[in-house]
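Here is a briefing on one protein chain. Please keep the sequence and the 3D structure in view while reading.

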Amino acid sequence: MSVSVADLLAEPSLRLRALTSHCHDAARRIGWVSTTELPDPLPFLRGDELVMTTGMLERDDAGWAGLLERLAELPVAALCFGTGLVHQEVPPVVVEVAERAGLALIGSPVEVPFVQISRWVADRIFAQRYDAVRSAVTLQDQLVRELLSGHGLRGLLRRLHRELVAGPVAVVEAGGHVLARHPASSRWPDTATVGTGESLPVVVDGVPVAELRTQQPTRRQDILSFATSILGLEVARHQAVLTGRRELLGQLLEDVLHRTVSDGDARRRLASHGLATEGLHAVVVARVDGDPARLRNLPWTLGPLLERARDRLPTALIDDTVMIVVPGGVDAEGAAGTVAGHLSVLDPQVRVGVAEPRRGVSGLRLGYFEARQAAQAGPGVHRAAPLSIAGLLMGNLDLPLRELGHAVLAPLLSHDEEHRAELVSTLRSYLAHDCSPAATARELTLHRNSLRYRLRLIEQLTGRDLGRLADRMELWLALTALDADA
């Protein structure tokens with residue numbers, strides 16, 4: 001903040017006189033006041049000061065010329081020369097050099113002490129600062145009101161467009177997709193101005209989730225920064241609300257999936273969430289690695305969030321899994337691709353499975369495990385293959401099949417490790433060839449007697465009879481569980 005030299009001269013109580021033609025230049029602004037009688041005050045000046053002196057230190061013409069030229073080069077706002085104490089008049093050489101050097105020179109009578117001038121400048125500067133702070137607080141309050149009112153994000157952008165005077169403003173996702181802009185008819189980005197505007201991140205939970213951009217530069221960085229701050233807080237607030245809805249639906253769907261509620265009760269409760277089970281619906285399951293809290297804290301559906309809308313499709317959070325129920329007539333694979341794109345912000349290796357459309361509560365259950373099994377295929381979107389009973393069992397984390405599988409096969413695993421044997425691979429080949437000794441021996445390049453020895457050893461170590469269907473089935477499931485855990 002500053003006042004002009006012209007403002008200072010116009011104050012009648014100070015009785016100041018302009019001694020050079022440069023005093024009325026409107027661009028000469030006073031940032032602060034410095035009183036000095038030092039031989040060389042330049043090291044203690046930063047520019048834009050009103051420098052005041054009585055000329056107490058004796059200088060010859062060359063000394064005055066050197067000082068004034070350096071003050072003009074810095075530049076200071078003006079030099080105020082006090083008369084009546086040391087000098088009755090401002091030395092002619094001072095006036096001549098100041099005029100030549102482009103320095104504003106002011107004469108001050110002895111009746112007006114320097115402290116009076118300093119106080120007048122300080123009062124004006126702090127008054128301006130107070131007005132600026134009050135204006136900024138008022139504008140910040142208006143921005144908050146716009147955001148929290150029915151106008152929401154678009155109201156905030158409209159107000160920013162008016163106050164920043166920096167062309168169109170927009171909120172842009174990380175990939176460059178424009179979520180909202182003002183004016184709505186503006187081109188974004190404008191190739192003629194690309195790269196010339198301002199851009200500040202909108203941060204939620206320490207992670208940049210979008211950018212607030214202007215198409216042209218602005219001098220109101222403070223307002224732009226405040227806008228990104230409140231926008232981040234508002235996004236986080238709505239994210240918390242949306243997460244609550246998703247977790248509530250997730251708790252209900254967990255009850256449905258694990259049959260802790262009857263089908264009739266499930267239909268009624270799901271209907272209250274806008275989910276009609278009578279029609280066809282496909283289940284999409286997306287899984288991300290890392291801390292599941294990121295699914296809850298970070299806005300991976302930023303567009304609907306900024307519009308204060310619910311999820312476009314019923315969406316639930318179950319631990320580290322997102323479950324989406326896609327009604328018939330809606331492209332389930334398209335929805336899966338969309339959620340994969342959103343969640344890639346949290347995990348670039350996000351895995352998404354898409355189930356076949358089914359009806360009823362039982363179809364919802366089958367669809368979930370089918371989509372979950374498809375998601376295990378790896379990163380990206382995968383359409384589910386027909387669900388096998390083994391796949392359904394392995395996909396149910398509430399069943400300790402992996403642990404049981406390791407327990408059943410532990411004697412074989414231990415024997416293989418100690419003796420560098422191949423009992424586990426022998427068992428896998430034997431079961432894969434429908435318990436045919438001849439086919440197994442051929443694949444393993446074993447003599448039949450050697451195969452019989454291995455099979456008897458497997459039976460002894462596991463306590464299972466390979467001649468019984470139930471025992472063979474248990475060993476096959478144990479191997480399947482072992483493979484699923486690899």
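Arg 269 counts as partly exposed, at 31% relative accessibility; partly exposed lies between buried, under 20% relative accessible area, and exposed, over 50% (1.4 Å probe, protein chains only). This is a predicted model, in which local features need pLDDT of at least 70 and side-chain atom pairs count only at pLDDT 80 or more, while totals for chains, interfaces and linings use all residues. Residues are numbered from 1 along each chain as its sequence is written, and side-chain values use heavy atoms, with hydrogens and water left out.

- Side chains of opposite charge can pair when their charged atoms come close.
- A salt bridge here is a side-chain nitrogen of Lys or Arg within 4 Å of a carboxyl oxygen of Asp or Glu, and the count by this rule is 19.
- Arg 269 forms a salt bridge with Asp 265, and the closest N and O atoms are 4.0 Å apart.
- Asp 265 and Arg 269 are four residues apart in helix H7, so about one helical turn separates them.
- Asp 265 also forms a salt bridge with Arg 268, with 3.8 Å between the closest N and O atoms.
- Arg 268 and Asp 265 are three residues apart in helix H7 (residues 263-271), which again puts about one helical turn between them.
- Arg 268 is exposed at 57% relative accessibility, whereas Asp 265 is partly exposed, with a relative accessible area of 24%.
- Asp 255, Asp 265, Arg 268 and Arg 269 are linked in a network of salt bridges.

- Arg 464 forms a salt bridge with Glu 474, and their closest N and O atoms are 2.6 Å apart.
- Arg 464 lies in the loop between H16 and helix H17 (469-484) and Glu 474 lies in helix H17, so the pair ties together parts that are 10 residues apart in sequence.
- Both residues are partly exposed: Arg 464 has 22% relative accessibility, and Glu 474 has 30%.

**Helix H16**

- Helices (H or I, at least four residues) and strands (E, at least two) are DSSP runs, numbered from the N terminus.
- Helix H16 (residues 448-462) has 15 residues and spans 21 Å from its first C-alpha to its last, close to the 21 Å expected at 1.5 Å a residue; the expected span is 1.5 Å times one less than the number of residues.
- The buried residues of H16 are Leu 451, Arg 454, Leu 455, Leu 457, Ile 458 and Thr 462.
- Seen down the axis of H16, these buried residues fall within an arc of 160 degrees, so they line one face of the helix; the arc is that of the directions from the helix axis to the C-beta atoms.
- Tyr 453 and Gln 460 are exposed residues on the face of H16 turned away from its buried side.

**The whole chain**

- The protein chain has 17 helices and 16 strands.
- Its radius of gyration is 40 Å, well over the 23 Å that the globule rule gives for 486 residues, so the protein chain is more spread out than a compact globule.
- This radius is taken over C-alpha atoms, and the globule rule is 2.2 Å times the number of residues to the power 0.38.
- Along the principal axes, the C-alpha atoms of the protein chain fill a box of roughly 125 × 55 × 40 Å.
- Of the 486 residues of the protein chain, 45% count as buried.
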